[in-house]
Amino acid sequence: MKTTRIYALLALLMAGGVTMQAQENDRTLEYGYWADVVTEQPEGYVVDAEGNVEIYTPEGLAWLSCVVNGLNGCEPDNFDGRTVRLMADLNLEETYGLMNLVPIGNREHRFMGTFDGQDHSIDGLFILNSLGEEMRMDMGLFGYLYHGTVKNLSLNSGFYAYMHPFDMNTGTYELYYDALVAAVADSLSVVDNCTCRLKMLEAVGNAHAGGTYMASVVGLNRNSIVRNCCYEMDRYSQLGAIDVGGIVLRNLCEGDYADAIVENCYFYGSLMGSFSDENMGGIVCFNETVSNGKKAIVRNCYSELLDYLTGHYNKGCIVAYNSEGSVVENCFADVSGQQGWNGLFGTNLGETVNCTDFVPNVGDGWLSESVVIGGTEINELVEALNAWVSIQDEPSQYLTWIEGYYISVPEFGEVWGVAEDKTSSRVNAYPNPGKEVLNIRTGLKDARVEVYDMNGGMIYRQEITDNVTAINTSAWPRVMAGTSTGSVIEAESGKWFKE
C-alpha cells in the first residue's frame, strides 16, 4: 500500500510591506540581493576551456547574473556562441531566504548565448525592482536576450516574483517589460520548452496597484520565437498590470528579416488587472506587424482563463489586439468562465484561421466549431493541437499533447513523461484553489491519501482505487494543504488551497 500524505498548513502572506513570514518555521525574512552575498566566483559555477559554464548551485546562478551584468568587478560577458547548462534543480530560497536576483542581462549588457536548463527546475525566484529611477530595468529571470536562447527550464510554483517598474517619484510608466523567463527576447532569440508555475504580483506594499507591461513567459518577443512554453498556476496567477499577455505581452515583427512567432503554447490561470488595466490577451496581448515582408504569428496555442478578463480598451481570450498583416491560426480559448462575452479577440485587423472556443472537461475539450487541419475535420482540442504538430516540416521540434493529467485541459505529455504511459506515480491535487471538493489524480491503483493537522493528528483517510478520487472537503477549515511524499513513493503536487 502506497501512501500520499497531505499536511494541513495555515497560509500566511503579509502583502502590506516588504517582508514575508515563512510558514515552515515562523521566521521573518527581509529581502536582500544575491549580488551582495555572492561577491566572487563560487564552486557551483564551473567554466570549461571553451568558456562554456555549468551551474550546480543557487550561488552559481547568482554569479551568472554578476558576470553578464558586470557586477562585483566582473567584465560584462554576453556569452555569444557559448552555452550555460543547469546541472541540478535549484531552490533559491532554501539557504538565504527570499533574495532578490538581478535579471540576467539588460539593455546595455545583453545575454547572447544559450542557457539550457536540461529539464531542471528553479524554485524560489524572487525579483523586486527598486522604486528608484536609477534602478529601472526589464524584469525577469533573463532581462534581455539578443540572439540568445533559453530552453528546457521549469520555474516552479509556490514562490512569488514581485515586480514593480512604476516610478513612484514621477508617477509615470515607461516602456519596460516584466516576464518570468525573459523580459525581452530580441532579434532571432528563442525561448523553448519553458514551464512557469510562479505567481506574479505587480504591487508591493502601499505602492500603486499596477505595473506596466507583463506576461508570464516573455514580455517583448521581437523577431524571435517562443515555442512549447506554458503557464499553469490556477487562480490569482497575475495581478496588477496595465497591459497583460498570458504567454507573451507583445509579439512584434519589426523589419523584414524574421517573423515574430508564438507557437505550441498554453496558458492556464488568471489575468487579474488593477483598476488601471487597459489591454489583456489570453495568449498574446499585442500581435503586431510593422513589416512588408514578415509577420507576427500566433499559432497552435490555447488559453483557459479562470477569472474574468478585464480591460478598458482591448481584451481577447486569445489576442487583445491583432494588427493588420498579423496572423493567428489554430488557436483556441475557453470563454465559459467569462463575465458575458469578451470574445476571442479584442480588436482584430489581421488574418485568423481555425480559431474558436472550446469547452473543458468534455472529452478532450469539445470545440464549439469543427476545424479542418491537414484535410481532416476535427472536433476536439487535443486532437486539433496534435494534428497541427504532425503536419509541420519538423514535427520533432514541437511537444505533443495529452488529455490533461495535472490540469483539466490538455498539457504537454513530455513534461510529465506520461505521453505513452499514464500509469505514472505522480500525484496531483485540484482544482486549486478549491472549496468543497479535492480531486486526487494518480496512476497508482494501490494507494491511500491521508490528511494530517500540524500536530500530526490524522483528520482524514481514504483509499485510492481510481485514476481520479473526489474527496468532500466542505467540513475542512480554510487551509493551505501542501502535498508531500509518504515514505515509500516519490510524488509531489505543490500546494492545494481551500477557499
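Which residue just after H2 takes a positive phi? That's Gly70, at about 75°. Here are my notes on that spot and a few others; bear in mind that this is a predicted model.

1. **Helix H2.** Is it buried or exposed? Mostly covered: 12 of its 12 residues are buried.

2. **The S35/S36 hairpin.** Have a look at strand S35 (residues 366-373) and strand S36 (residues 376-380), which pair in the antiparallel sense over 4 bridges. One to click on is Val371, whose bridge partner in S36 is Ile378. The hairpin has 2 residues between the strands, and there Gly374 takes a positive phi near 60°.

3. **Leu344.** You'll find this residue in the loop between strand S31 (327-334) and strand S32 (345-348). Leu344 counts as buried because its relative accessible area is 12%, under the 20% cut-off. What does Leu344 contact, leaving aside its neighbours within four places in sequence? The set is Gly316, Cys317, Ile318, Val319, Ala333, Val335, Cys355, Thr356 and Asp357. As for Cys331, 13 residues away along the chain, its C-alpha is separated from that of Leu344 by 9.2 Å.

4. **Salt bridges, starting with Arg222.** Side chains of opposite charge can pair when their charged atoms come close. The count here comes to 8 salt bridges. In one of them, the side chains of Arg222 and Glu254 meet at 3.5 Å, N to O. This pair links distant parts of the chain, with Arg222 in strand S19 (residues 218-222) and Glu254 in strand S23 (residues 248-254), 32 residues apart. Arg222 is partly exposed at 21% relative accessible area, and Glu254 is partly exposed as well, at 37%.

5. **Glu263 and Arg227.** These side chains meet in a salt bridge too, at 2.9 Å, N to O. Glu263 lies in strand S24 (residues 260-263) and Arg227 in strand S20 (residues 225-227), so the pair ties together parts that are 36 residues apart in sequence. Are the two partners buried or exposed? Glu263 is buried, with a relative accessible area of 1%, and Arg227 is buried at 10%.

6. **Arg250 and Glu288.** Another salt bridge joins these two, with the closest N and O atoms 2.6 Å apart. Since Arg250 lies in strand S23 and Glu288 in strand S27 (residues 284-290), the pair ties together parts that are 38 residues apart in sequence. Arg250 is partly exposed at 22% relative accessibility, whereas Glu288 is buried with a relative accessible area of 16%.

7. Which residues do salt bridges with shared partners join into one network? Asp186, Arg222 and Glu254. When you go through the model, then, view Asp186 together with the Arg222 and Glu254 pair.

Notes. Residues are numbered from 1 along each chain as its sequence is written. This is a predicted model: local features need pLDDT of at least 70, side-chain atom pairs count only at pLDDT 80 or more; totals for chains, interfaces and linings use all residues. Side-chain values use heavy atoms; hydrogens and water are left out. Buried means under 20% relative accessible area, exposed over 50%, partly exposed in between (1.4 Å probe, protein chains only). Two strands pair if DSSP finds at least two bridges between them. Contact means heavy atoms within 4.5 Å. A salt bridge is a side-chain nitrogen of Lys or Arg within 4 Å of a carboxyl oxygen of Asp or Glu.
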